[in-house]
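Subject: Structure handover

Hello,

Here is the structure to look at before we next speak. My notes on what was found in it follow below.

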Amino acid sequence: MAHPTSILVVDDHSAMRATLRDILQDEGYEVQSASSGEEAVDAFQGGHFDAVLMDVRMQGINGVEVFRRMKTVSDSVKVILMSAFSVEELEEESIEEGAIAFLPKPLDMENLIDLIGETVSSN
């Protein structure tokens, strides 16, 4: 039996994590969340995720660095980065590193749901 599609949501704002978790669970995804880059790396090393939805600007290590660390665990990790700030340099870096997308906040939820669906169906 196939496991449910699992998403790791990483954001240092608890309200954003809760909102994304609720929306993604309503869409039928199994969701785990992390409040920091360090917590995300630990969760990723200890679990299986079909996709990672991650904020770029967080205390400690930023989302692009977390993505790099995740790639050392699994080079097929599928990461969608998001940011409320225009960080052109980080956006270019993340796409070069292999991120699926770099989305601006506030998120267009319909677009996000479609993107996650496309991302996990290509597993």
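Two strands are said to pair if DSSP finds at least two bridges between them. Helices (H or I, at least four residues) and strands (E, at least two) are DSSP runs, and they are numbered from the N terminus. This is a predicted model, in which local features need pLDDT of at least 70 and side-chain atom pairs count only at pLDDT 80 or more, while totals for chains, interfaces and linings use all residues. Residues are numbered from 1 along each chain as its sequence is written, and side-chain values use heavy atoms, with hydrogens and water left out.

The sheet

An open sheet is formed by 5 strands in the order β2-β1-β3-β4-β5, with parallel pairing. β2 (30-34) and β5 (101-104) stand at the edges with a single partner strand each, so one side of each is left without a neighbour in the sheet. From one strand to the next, the twist averages 20°. Axes here are lines fitted to C-alpha atoms, for helices over the stretch in contact, and angles run from 0 to 180 degrees between N-to-C directions.

Helix α3 (residues 63-73) packs on the sheet, where it touches β1 (6-10), β3 (51-55) and β4. The direction of α3 makes about 155° with that of β3. Contact means heavy atoms within 4.5 Å.

Strand β3 is joined to β1 by 4 bridges, and the two run parallel. The partner of V10 in β3 is M54. Another 4 bridges join β3 to β4, again parallel, and L53 stands opposite I80 in β4. Strand β4 (residues 79-83) is in turn joined to β5 by 4 bridges, also running parallel; there M82 has L103 of β5 as its bridge partner.

For burial, buried means under 20% relative accessible area, exposed over 50%, and partly exposed in between (1.4 Å probe, protein chains only).

Individual residues

S6 is in strand β1 and counts as buried, at 4% relative accessibility. Leaving out residues up to four places away in sequence, S6 touches E30, H48, F49, D50 and A51.

L112 is in helix α5 and is buried, with a relative accessible area of 2%. Its contacts, again not counting residues up to four places away in sequence, are L20, L53, L103 and L107. L112 and I80 are 32 residues apart in sequence, and 9.2 Å apart in space from C-alpha to C-alpha.

P104 lies in strand β5 and counts as exposed at 56% relative accessibility. P104 and S33 are 71 residues apart in sequence and 20 Å apart in space, C-alpha to C-alpha. A cis peptide bond joins K105 and P106, with omega about 0°. P106 lies in the loop between β5 and α5 (109-121).

The pocket

A pocket needs a definition as well. On a 1 Å grid over the protein atoms alone, a pocket is an open set of points with protein on both sides within 12 Å along at least five of seven lines, whereas a cavity is a set of points where a 1.4 Å probe fits but cannot get out; lining residues have an atom within 4 Å of a point. Grid points are joined across faces, edges and corners, and a volume is the space filled by probe spheres set on the points.

The largest pocket has a volume of about 150 Å³. It is lined by 11 residues, of which H48, F49, S74, S76 and V77 lie nearest its centre. The lining divides into 4 nonpolar, 5 polar and 2 charged residues. Ala, Val, Leu, Ile, Met, Phe, Trp, Tyr, Cys and Pro count as nonpolar, Asp, Glu, Lys and Arg as charged, and the others, Gly among them, as polar.

S76 sits in the loop between α3 and β4 and is exposed, with a relative accessible area of 53%. S76 and G98 are 22 residues apart in sequence and 9.2 Å apart in space, C-alpha to C-alpha.

Regards
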